[in-house]
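Subject: Structure handover

Hello,

Here is the structure I said I would pass on. Please open it alongside this email; my notes follow below.

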Amino acid sequence: MRERNVIINIRVTDKEKKALERSAKRAGLSLSAFLRKAGLNERIFVKPSAFLFKAYEATERLLKKFPSFSKSDIEVCLIDIEEKLLDAYHEKEADSDGDNQNLGD
């Protein structure tokens, strides 16, 4: 038998519902799970975007190979990381209109 079997109905505006759905998606949660966590004062973490994860991976590669890299190799890697971070930054800006796009997967 399912542990959660009580239904709670709440009324929100369309705008509020969209905002809640966006927040849930950013956290990688269903709307129900998001509302439960929020209502129970549990921590909700925002799921990093795919762009930010790519920047993290590039940083990890640089750190692993750092001792053997020349100054120019390091510069190329840092430029690549900078571009990936800028992509992640602009991705967030692009979603400011609330259309649920560019939230990362």
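The lining of the largest pocket is made of eight nonpolar, three polar and five charged residues. This is a predicted model, and every value in this email was computed from it. The volume of that largest pocket is about 580 Å³. It is lined by 16 residues, and those closest to the pocket centre are V6, I7, I8, S32 and R36. Two elements, α1 (14-27) and α2 (31-39), each give two or more residues to the lining. The largest share comes from α2, with four residues.

Next, the chain as a whole. The protein chain has four helices and zero strands, so you can read its pattern along the sequence as α-α-α-α. Of its 105 residues, 17% are buried. If you take the contacts with a separation of 6 or more, 39% of them join residues 24 or more positions apart.

Now to α1, one of the helices that line the pocket. What length should α1 have, and does the model agree or disagree? With 14 residues at 1.5 Å a residue, α1 should span 20 Å, and its end C-alpha atoms are 20 Å apart, so the two agree. The expected span uses one less than the number of residues, which is the step to remember if you repeat the sum. R22, A24 and A27 are the buried residues of α1, and they pack against α2. Just after the helix ends, G28 has a positive phi of about 70°.

The same check can be made on α3, which runs over residues 50-65. Its 16 residues should span 22 Å at 1.5 Å a residue, and the end C-alpha atoms are 23 Å apart, which agrees. Which residues of α3 are buried? They are A55, A58 and L62. These three cover an arc of only 60° around the axis, and therefore lie on the same side of α3. On the other side of the helix, L63 and K64 are exposed. For these labels, buried means under 20% relative accessible area and exposed means over 50%.

Regards

How values were computed: Residues numbered from 1 in each chain as written. Predicted model: local features only at pLDDT ≥ 70, side-chain atom pairs only at ≥ 80, totals over all residues. Heavy atoms only, no water. 1 Å grid on protein atoms, 1.4 Å probe; cavity = no way out; pocket = protein on both sides within 12 Å on 5 of 7 lines; lining within 4 Å. Points joined across faces, edges and corners; volume = space filled by probe spheres on them. Nonpolar A, V, L, I, M, F, W, Y, C, P; charged D, E, K, R; others polar. Buried < 20%, exposed > 50% of the residue type's maximum accessible area, 1.4 Å probe, protein only. Arc of directions from axis to C-beta. Contact = heavy atoms within 4.5 Å.
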